[in-house]
Amino acid sequence: MIGDVHGEYDLFAKMLEFFDPRTQQLVLIGDLNDRGPKSKDCWLLGKQLVDKHQAVYLRGNHEEYFLQFLKKPEDWFESYLYNGGKETIESLLHTGATEEYSPTEIAMFIKTRYKELVEFLIQRPFYYEWKQYVFVHAGVDLTKGDWRNTDLHDFLWIREPFHTGDNQTGKVIVFGHTISPMLYGDMQTTALWQSDNKIGIDGGAVFGGSLHGVLLDETGIVKDHELPNMNGPWQPSF
């Protein structure tokens, strides 16, 4: 599986060099868009991987941000731009589009020009199960008798209650969303975070950290491919 890409297309493409579609199931943990410069390219590549190789592309909170903006552009515009949406909008339209057009116009242009892509994003699942693993963007509600009853919002957004909660699901839960430097508490360590049968794979690539591509089998982690973002220093601004 591959962690949060956030528009870092070059890292995404490089990571895919380790992917063997003949023997491996690819899981994208969500958040292919926002903050980084090439959201459109990342989305199109993600769609291609689903169509061609039956990859599992999970919905992340940033895909959700984008879809909510399209539904209610005037309500969501400022918040979406603040959280990285400016880069996504400009990758879909052109540089300066967020200043040139109104939120309603931007949403209309995107829905008209990218109808198939938008429908594809709407269809993304919230989690994926394989063997003893659960793959999910943000986490699950560990207070539920059955984690599958987690509120859809929590699959995309949950943080501390999942990170610190007692995992009695019987599953190894693989997630992104919260960068591993934050999980480690030092805002520096970009390695995979592992605790209580939880594996955090978001190395903060878009902030100058690392993109993780993790190979799993029934016994655990076989290989972690960690690609550092060489385009800039570590700048965790969010």
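In this predicted model, helix α3 (residues 61-71) and helix α4 (residues 73-92) have axes that come within 9 Å and cross at roughly 115°. The crossing of α3 and α4 is left-handed. On the α3 side, H62, Y65, F66, Q68, F69, L70 and K71 take part, and they meet P73, W76, F77, S79, Y80, N83, T88, I89 and L92 of α4. By class, this contact comprises ten nonpolar, five polar and one charged residues.

Both α3 and α4 are also among the elements that cover the buried residues of α2, as are α1 (9-15), β1 (27-28), β2 (56-57) and α7 (115-122). The buried residues of α2 are S39, C42, W43, L45, G46, K47, L49 and V50. Helix α2 (residues 39-53) has 15 residues and should span 21 Å at 1.5 Å a residue; its end C-alpha atoms lie 20 Å apart, which agrees. Just after α2, Q54 adopts a positive phi of about 55°.

The histidine is H177, placed in the loop between β5 (172-175) and α10 (180-184). H177 is buried, because its relative accessible area of 7% falls under the 20% limit. Its side chain forms the polar contacts tabulated below.

| Side-chain pair | Polar contact |
|---|---|
| H177 and N61 | 3.2 Å |
| H177 and H137 | 3.4 Å |

Leaving aside neighbours within four places in sequence, the residues in contact with H177 are D4, N61, H137, A138, L156, W157, I158, R159 and D202.

Notes: Residues numbered from 1 in each chain as written. Predicted model: local features only at pLDDT ≥ 70, side-chain atom pairs only at ≥ 80, totals over all residues. Heavy atoms only, no water. Helix = DSSP H or I, 4+ residues; strand = E, 2+ residues; numbered from the N terminus. Buried < 20%, exposed > 50% of the residue type's maximum accessible area, 1.4 Å probe, protein only. Polar contact = N/O pair within 3.5 Å; in protein donor to acceptor, adjacent residues only side chain to side chain. Contact = heavy atoms within 4.5 Å. Axes fitted to C-alpha atoms, helices over the stretch in contact; angles between N-to-C directions. Left-handed = near helix turned anticlockwise from the far one by under 90°. Nonpolar A, V, L, I, M, F, W, Y, C, P; charged D, E, K, R; others polar. Expected span 1.5 Å × (residues − 1).
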